[in-house]
Amino acid sequence: SPAIKPNPAPEPEPQPEPEPEVIDTIDIVSYRFTPANLISEQDATLEVTFNHPAVLTSVKGEWGVSEFTPVSVMSEDKLKLTLTFPMYEIGAINYHISIGVKDAELRREWKRVIDVAAYETKVDFEGFSRGMITDYERETCWVATKSPNRLYRFNMSDPEHPIYKDFDSCPNVLAINPYNGKLYVGSTVTDYEQAIKYDRKMYILDPTTLNVEESITVSFDNPSQDANATFDWPDASPLSMAFTSDGYGIIVRQKYGSSGTDLCYVDSKNGNKVTVEDCWELFYGSITTKYDEKELFIQHLGYDEPHLNFVSRKKPTPRVFNIDYHYRSDDYYSGGDVMHSVFLRDEPKYLVQSPYSMCLIDYSKDTYSPVFINEGRTSLIEYDYGNKNHALQFCRYNNIYAYADMTKGKAEYSCRFTQRSEQDEALQYVKCIPEKDKLIFVTDAYDFESHSFLVIFDMKVIRGETINTTL
């Protein structure tokens, strides 16, 4: 008999198409920002990572009042977006990048904004900045202003809530005395009207509360043998000031309208007694405490023979240390003038800036680093304590910032920096806070109202490093 064939298996019923995943939201989970570098001609780069595949619909950049369109590239898996843009400056302005995306099914659209933090914190405060000092251990800086005549204290743990104290005249000469921990505050005469009513007072403050504890008069105890000396000028006022660890302080005084200066000594170990040394000079400038706090350096700003003057309690008469001309470039000899110097707080070295050269000098050995040849007119310089032998140069002449390796005398990183926000500004001070690895940047705003900005940067941005941010 014929074989019985089994019934064929029934055809499987078609399965319904799986429902596409419903995306509640597309968010940015992290981004990497690499600043632009003028040396390598590299544009600024922003790499954005999404939590789900995304389709880019729009992108726009804002910088202050300017707008720009970054170049965009999406990865094949649609999870990473890379944006590049040549417009990049560090300063008191952040970059706002607006990104529009849809899910892979093009059902919904989301708008996302990234604030590319060229800076971490910006504090707007009243007055034009006229003086600034920092205290590394307290992680604090004090800024003096004019219009109003005021002294601010900013603590790096809470910089947006400074305290301040008002003064009758502009308190622009500031120094912390390491012997007693007090803040000494003086005023430089800046106009004839102020010179007439100048009371020659130096105020001693509690550095935390800014309460005035004492005042001393910058007196004229010793008559000068030199008819041109500032001892005979009733309006001679402090120009700069510093103290040693044993309480021995020096004030450089200057007459309003003249380059003549002299030295006034303050002995805080003996009741803040004030005396005057008969050592009149045309160009005494800033005073710095040596890294071991046992000696003071007075910078001489003469154009023919720039040099340092060493002073201590045991040897109050200035002793000259000549700066050798060989640290300057033969191609950019500038007449020998020193524009700015920064003494290291932990080594017997200092940075010195002339109009076209910068050098790191070891004054204990009288040796010097390779010369960094760069435009340096009106520059502000600082040392990077978190990366030895590296220096920062902010050239206000052309608004170019350079980060230089002083073992090679070459810049590793460079970009433009802005001295303006919504209005024109002028950069006044830059100072590193090594314990926080931060940079403080103080700039004035000129918009017919007196106010300034204190801006805090992560040193990674200042070094041109990539910043990784997880949201």
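Me: What is the order of the strands in the open sheet of 4 strands, and which pairing does the sheet have?
Reply: In this predicted model, the open sheet runs in the order β15-β16-β17-β18, with antiparallel pairing.

Me: Why do β15 and β18 stand at the edges?
Reply: β15 (173–176) and β18 (212–217) each have a single partner strand, so one side of each is left without a neighbour in the sheet. From one strand to the next, the twist averages 20°.

Me: What makes β16 and β17 a pair of strands?
Reply: Pairing requires at least two bridges, and 3 bridges join β16 (residues 183–186) to β17 (residues 201–205). The two strands therefore pair, and they run antiparallel. Within β17, Ile204 stands opposite Tyr184.

Me: Why is the aromatic pair of Tyr383 and Tyr385 called edge-to-face?
Reply: The ring centres are 5.2 Å apart, and the limit for a pair is within 6.5 Å. The planes make an angle of 75°; because planes over 60 degrees apart count as edge-to-face, the term applies. Both Tyr383 and Tyr385 are buried.

Me: What makes Arg345 a charge over the ring of Tyr136?
Reply: The charged end of Arg345 sits 4.3 Å from the centre of the Tyr136 ring, where the distance limit is within 6 Å. Lys122 lies over the face of Phe453, at 4.8 Å from the ring centre.

Me: Why does Cys395 count as buried?
Reply: Buried means under 20% relative accessible area, and Cys395 has 1% relative accessibility, so Cys395 counts as buried. Cys432, at 3% relative accessibility, also counts as buried.

How values were computed. Residues numbered from 1 in each chain as written. Predicted model: local features only at pLDDT ≥ 70, side-chain atom pairs only at ≥ 80, totals over all residues. Heavy atoms only, no water. Phe/Tyr/Trp six-rings, centres within 6.5 Å; stacked < 30°, edge-to-face > 60°. Buried < 20%, exposed > 50% of the residue type's maximum accessible area, 1.4 Å probe, protein only. Lys NZ or Arg CZ within 6 Å of the ring centre and 35° of its normal. Axes fitted to C-alpha atoms, helices over the stretch in contact; angles between N-to-C directions.
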